[in-house]
Amino acid sequence: MSEHTDPAAVAREAATALTARLGVGRLDVALVLGSGWSQAAEGLGEVIAECPLGELPGFSAPVVAGHGGVVRALRLPGERVAALFTGRTHFYEGKGAAAVVHGVRTAAAAGATRLVLTNGCGGLDPAWRPGTPVLIADHINLTGATPLHGPTFVDLTDAYSPALRALARGIDPSLDEGVYVQFRGPQYETPAEVRMAGILGGSLVGMSTALECIAAREAGLEVLGISLVTNAAAGMSGEPLSHAEVLEAGRAAVPRLRRLLAGLLEVL
Ligand code: 8IG
């Protein structure tokens, strides 16, 4: 998306195209499925329709293999509709913050009022073994970027809805909470950067979610953030980080994540 186009206008266009392609009047809830989460969302409900994101206004094809790039509509009880976004644009792709949050703005323009942002990330707490989901209580945006322009003084107190976190704990009482630190990436952190994140009050490190949460709050969405800790953050375990480890932790966590997502779709 060019910086000269109006993001809200493109999101409205994309929302019109999306609801038409999905054959639904509007969305109620949107879920963004990050690393390790898409498998957990398989078979969760009646799939109404599916649409490649690249075919909608303002979206571009994803660059990371296995990062999807489709939106799928699910019919929920009570005639409600959930949109599952598989694959997201990451800030490290260099397309700008507006491109990163276009899906969130599109979901809001299509009527969604609640947004679940999931991701795979590194964990600073050794108690969080790879494969542990953690609720995001707050974030620290270290990208130096924002999706907002001009005097848009969005309140980020309780950006991650306490009410939605309570609903999630009702489904899985063992869920811990953490503070998510968004780094720019694409390189993983150095051990010193991970220690810095911890000193700043962070406990989860990743490359997404914070910018999307900011745009969601601007759009008035209620946000639930859930991180899947797929690896100990650099320097925490003595082992180097590997993408294979990330994928394996995701696979092992599937049953727990699926129960969580299924429960959330019932109550959101
Ligand atoms: I999966 O350890 C995954 N994504 N920044 N650090 C950052 N992003 C990640 C990590 C991690 N693991």
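Strand 5 gives the largest share of the shell around the ligand, 3 residues. Strands here are DSSP runs of E with at least two residues, numbered from the N terminus. This is a predicted model, in which local features need pLDDT of at least 70, side-chain atom pairs count only at pLDDT 80 or more, and totals for chains, interfaces and linings use all residues. Residues are numbered from 1 along each chain as its sequence is written, and side-chain values use heavy atoms, with hydrogens and water left out.

**Around the ligand**

- The shell (residues with a heavy atom within 4 Å of the ligand) includes Gly-120, Cys-121 and Gly-122, along with Tyr-188, Glu-189 and Met-207.
- By class, the shell holds 6 nonpolar, 5 polar and 1 charged residues, with Gly counted as polar, Tyr, Cys and Met as nonpolar, and Glu as charged.

**Contacts and cover**

- A polar side-chain atom of Asn-231 sits 2.8 Å from a ligand nitrogen atom, a polar contact being a pair of N or O atoms within 3.5 Å.
- Gly-120 places a backbone N or O atom 3.4 Å from a nitrogen atom of the ligand.
- For Val-205, a backbone N or O atom also lies 3.4 Å from a ligand nitrogen atom.
- Of the 320 Å² of accessible area that the ligand has on its own, the protein covers 95% (Shrake-Rupley method, 1.4 Å probe).
- Two or more shell residues come from each of strand 5 (114–123), strand 8 (204–206) and strand 9 (222–232).

Terms used: A polar contact is a pair of N or O atoms within 3.5 Å; within protein, one must be able to donate a hydrogen and the other to accept it, and residues adjacent in sequence count only if both atoms are side-chain atoms. Helices (H or I, at least four residues) and strands (E, at least two) are DSSP runs, numbered from the N terminus.
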